[in-house]
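Please open the model in your viewer and keep the sequence panel beside it, as this tour moves from one selection to the next.

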Amino acid sequence: MPGFVSIDLYNRYREDVWKLTNAKQRFEPGKTNRGLTDKEIASHLGLTVEEVIEIRCIGENDKICLKTYLDAEKTKEKRFIRPLGKK
Amino acid sequence: MGSMGTASEIKEKALAMGVRAVGIASVEAINRFAPPGHRPSDMLKGARSVVVLGGGEPTGGAWRTGTNRVLGSIGYNRSQLASAARQLSYFMEERHGYYTIPIPTGDWIGHYPYMSLKVCAEMAGLGTRSMAAGIVLNPQYGLLYFNGAITTMPLPEDGPLEKPVCPHDSCVRLWEKKQTTPCLSSCPDCLSGEIEEGKIHWMEYRQDCCYPRAQTTAMDAFRKLLLEAVNEPEPEQRKAILFGSHFTRAVRSMAYSSELSAQCFNCLKRCPIVMKRVRRLK
């Protein structure tokens, strides 16, 4: 089992790791755009792979606020409704 | 190299198990896009081919449900394709004598998958990326989910489709008139992009925006609510969190492995590629 990452290390690298992940995905035909793997991020930032995995995992939860989960149903239902006059 | 006859036999076997579409990709082709650590040959030593299975899509009626919640509840079922992939793996080992495994389709760690099923599906000719979050759309069925089998068996590959499935002609016309498409307008938070000369010029998808909508009551929601409850100093308020409707749904989702993913569908609900099949029904 991997060890827990220190919160200092997490706070220091959270944004840097996040920017390199596939949280934002870009597709352009003919081009290769992809988020980096944990190993690639580790090499890029001078961290260990284990540290990157921990920072990424915590960040994936931390970066999305609870309110967006609680509000999601309402947002989805609102967008689901067919505009008036459409079949 | 396995013959075309062998490939046809494997495909027929998959289709007989209820799979909607099947294609074969070479590991070499997948490795041109998949990064080290997330390649078929990282999952199975000496892997040569991937048999990709598509299916499990919402029925036509599911798209016509009155609420997003109902579509989110019945629009996806992960059991059928996983079962087909396992059965096909046994068949290929027993009939043809090559090592075969079902594609590991869960999350490897956190939000990262073991390997990209999108890349596998594209390389097997089962569809192309769309403006809607890069979801791979099949020319016949529109939305399909994917699974498959990785094998050491060399098989003739189908290769990527020559013509992109997305954008549909009607979306091109809409873009020229209003600079939007049904998918982009349905979810402007998650999606952005441009069409140029009738083709996708670029598309961006924000997974972090999509997550709370596609996985509203799944594992991340459970952990966030649990942390909220643990940090809540007032016992009565803590009770309101843990006995409340959202946490109740999250617990149920995990207990029954239902409503865990694909809970949104809004970006594809008005997609003409998906809807062309639905519109033929009475």
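**Before you start**

This is a predicted model, in which local features need pLDDT of at least 70 and side-chain atom pairs count only at pLDDT 80 or more, while totals for chains, interfaces and linings use all residues. Residues are numbered from 1 along each chain as its sequence is written, and chains are lettered from A and ligands numbered from 1 in the order in which they are written.

**Stop 1: where the chains touch**

Select both chains and look at the contact, which takes 31 residues from chain A and 35 residues from chain B; two residues are in contact if their C-beta atoms, placed from the backbone, lie within 7 Å. On the side of chain A that touches chain B, strand S1 (24-27), helix H2 (38-45), helix H3 (49-62) and H4 each supply at least two residues, and H4(A) gives the most, with eleven residues. Helices (H or I, at least four residues) and strands (E, at least two) are DSSP runs, numbered from the N terminus. The residues on this side of chain A divide into eleven nonpolar, seven polar and 13 charged, where Ala, Val, Leu, Ile, Met, Phe, Trp, Tyr, Cys and Pro count as nonpolar, Asp, Glu, Lys and Arg as charged, and the others, Gly among them, as polar.

Next, select S1(A) together with strand S11 (residues 199-206) of chain B: four bridges join them, and they run antiparallel. Two strands pair if DSSP finds at least two bridges between them. Within this pairing, Phe27(A) stands opposite Met203(B).

**Stop 2: two helices of chain A**

Select helix H4 (residues 66-80) of chain A, whose 15 residues reach 22 Å from the first C-alpha to the last, close to the 21 Å expected at 1.5 Å a residue; the expected span is 1.5 Å times one less than the number of residues. Where is the kink in H4(A) centred? A kink of about 45 degrees is centred on Ala72(A), the bend at a residue being the angle between axes fitted to the seven residues ending there and the seven starting there. Ala72(A) is also one of the buried residues of H4(A), with Tyr69(A), Glu73(A), Lys76(A) and Phe80(A). A residue is buried if 20 or more other C-beta atoms lie within 10 Å of its own, exposed if 12 or fewer, and partly exposed in between, with C-beta atoms placed from the backbone. The buried residues of H4(A) pack against helices of chain B, namely H4 (68-74), H9 (207-214), H10 (219-231) and H13 (266-269).

Then move to helix H1 (residues 7-20) of chain A, which bends by about 50 degrees at Tyr13(A).

**Stop 3: the enclosed strands of chain B**

Select strand S2 (residues 49-55) of chain B, where seven of the seven residues are buried, so the strand is largely enclosed by the rest of the structure. Ser49(B), Val51(B), Leu53(B) and Gly55(B) point one way from S2(B), whereas Val50(B), Val52(B) and Gly54(B) point the other way. S2(B) pairs in the antiparallel sense with strand S1 (residues 21-26) of chain B over six bridges, and Ser49(B) is the bridge partner of Ser26(B). Seven bridges also join S2(B), again antiparallel, to strand S9 (residues 145-151) of chain B, with Gly55(B) opposite Tyr145(B). S9(B) is mostly covered, as seven of its seven residues are buried.

**Stop 4: the cores**

Now select Val51(B), Val52(B), Leu53(B) and Cys120(B), which touch the most other members among the 71 residues in the largest nonpolar core. A nonpolar core is a set of buried Ala, Val, Leu, Ile, Met, Phe, Trp, Tyr and Cys residues joined through C-beta atoms within 7 Å. Apart from it lies another core, of eight residues, among them Val17(A), Ala42(A), Ile53(A) and Ile55(A).

**Stop 5**

Finish with Cys166(B) and Pro167(B), which are joined by a cis peptide bond with omega of about 5 degrees; Pro167(B) is found in the loop between S9 and helix H7 (169-178) of chain B. Ala133(B), in the loop between S6 and S7 of chain B, has a positive phi of about 65 degrees although it is not a glycine. Phe265(B) also has a positive phi, near 75 degrees, and is buried, with 26 other C-beta atoms within 10 Å.
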